[in-house]
Amino acid sequence: MAATQPAGPGTTVSRIRAQLQAARGALREAYLRRPRPRALLHGHSKLVDRTIKAIWRESQPAAGAALLATGGYGRAELFPFSDIDVLILLAREPSPDERSRLESLVGQLWDVGLEAGHSVRTIAACLEAAEADITVRTTLLEARFLAGSRTLYRKLDAALHQAFDPASFFKAKKLEQEQRHAKHQDTPYSLEPNLKEAPGGLRDLHVIQWIARAAGIGNGWRDLETHGLIQHDELRQLSRSESVLQNLRIRLHYLAGRREDRLVFDLQNALANQLGDSETPTRRAREVMMQRYYRTAKAITQLNTTLLQ
């Protein structure tokens with residue numbers, strides 16, 4: 001899969017936008033020919049990395065600053081129409097001129113077609129926000145260096161590590177999950193389930209990974225096996241279930257042409273056709289697909305419950 005090379009200095013916004021659109025189109029075509037969810041998510045993240053770095057190099061918005069990927073983008077797990085979350089880490093409060101350049105940088109990201117969710121903070125502000133908000137704490141846990149001052153990024157990483165309390169993080173994430181499940185009636189069997197947020201969705205897998213990372217166990221399913229928290233067959237089930245949900249969510253985004261994380265009725269038939277599901281004497285094709293989803297969500301719910309206990 002040929003990737004578009006990052007634009008050099010002086011390249012216009014329209015040129016970068018055209019390059020990005022073409023490369024995203026190539027990713028989509030390659031995926032529909034040979035669906036490999038993890039490769040698509042990683043490839044899309046790398047494409048956005050190259051684009052953002054090119055814009056950062058031209059902008060040079062603040063002296064000594066660092067640009068970090070956060071959220072799903074920080075995990076290099078970027079779905080086709082997901083928000084692109086970035087943190088602009090500053091060594092000190094910006095001057096008026098730097099503030100103007102930072103605003104211009106964010107504007108350019110949107111102009112080239114990157115729906116960027118951004119925050120601008122110093123290390124002290126990051127620590128304060130993380131202490132007050134579990135969502136910020138989680139986002140910073142996944143921060144990934146992109147450009148600028150790597151030294152400043154390492155200082156943030158060290159400060160976060162020193163201030164981090166794995167036990168309180170576990171309690172907060174468990175409570176957050178309970179509240180999220182309640183919003184979805186505590187069931188994975190909704191008629192239009194949310195692939196990300198509903199019980200048995202991708203977020204339940206993320207919670208396991210976040211807690212494992214906070215506890216120093218590692219980032220992947222294999223790390224859980226190494227530490228004796230899951231058996232090999234459970235590792236395979238987690239990996240397979242994750243791939244099923246990632247594939248569904250990627251296809252939903254492409255079918256809707258926007259961020260769509262719910263298996264809405266309007267798209268269920270088209271999705272079932274893409275997946276090759278066929279009608280049976282007793283069930284429609286979309287019902288076959290939904291039954292497969294429910295089995296996957298049930299397996300994730302059971303494993304999530306077991307591991308958190």
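Reader: How do the residues of the lining of the second largest cavity divide by class?
Author: Five are nonpolar, none polar and two charged. Nonpolar means Ala, Val, Leu, Ile, Met, Phe, Trp, Tyr, Cys and Pro; charged means Asp, Glu, Lys and Arg; the others, Gly among them, are polar. This is a predicted model: local features need pLDDT of at least 70 and side-chain atom pairs pLDDT 80 or more, while totals for chains, interfaces and linings use all residues. Numbering runs from 1 along each chain as its sequence is written, and side-chain values use heavy atoms, without hydrogens and water.

Reader: Which residues line that second largest cavity?
Author: Ala62, Ala63, Leu90, Ala91, Arg92, Pro94 and Glu98. The volume of this cavity is about 30 Å³. A cavity is where a 1.4 Å probe fits on a 1 Å grid over the protein atoms alone but cannot get out, and lining residues have an atom within 4 Å of a point. Volume is the space filled by probe spheres on the points, joined across faces, edges and corners.

Reader: How many cavities of 30 Å³ or more are there?
Author: Two, by this rule.

Reader: Pockets now. How much space lies in the largest pocket?
Author: About 630 Å³. A pocket is an open set with protein on both sides within 12 Å along at least five of seven lines. The largest one has 34 lining residues, and Gly71, Gly72, Asp85, Thr139 and Arg203 lie nearest its centre.

Reader: Which element gives the most to the lining of the largest pocket?
Author: Helix H6, with five residues. Helices (at least four residues, H or I) and strands (at least two, E) are DSSP runs numbered from the N terminus. By class, the lining of the largest pocket has nine nonpolar, 11 polar and 14 charged residues.

Reader: And what lies nearest the centre of the second largest pocket?
Author: Arg75, Glu77, Gln209, Asn219 and Gly220, out of 18 lining residues. The second largest pocket holds about 500 Å³ of space. Its lining has six nonpolar, six polar and six charged residues.

Reader: Back to H6. At what angle does helix H5 pack with H6?
Author: About 125°, with the axes 5 Å apart. Axes are lines fitted to C-alpha atoms, over the stretch in contact for helices, and angles run from 0 to 180 degrees between N-to-C directions. H5 and H6 are therefore oblique to each other. Under 35 degrees is roughly parallel, over 145 roughly antiparallel, 65 to 115 roughly perpendicular, and the rest oblique.

Reader: Which residues of H5 and H6 meet?
Author: Cys126, Ala129, Ala130, Glu131 and Ala132 in H5 meet Ile134, Val136, Arg137 and Leu140 in H6. Contact means heavy atoms within 4.5 Å. Seven of the contact residues are nonpolar, none polar and two charged.
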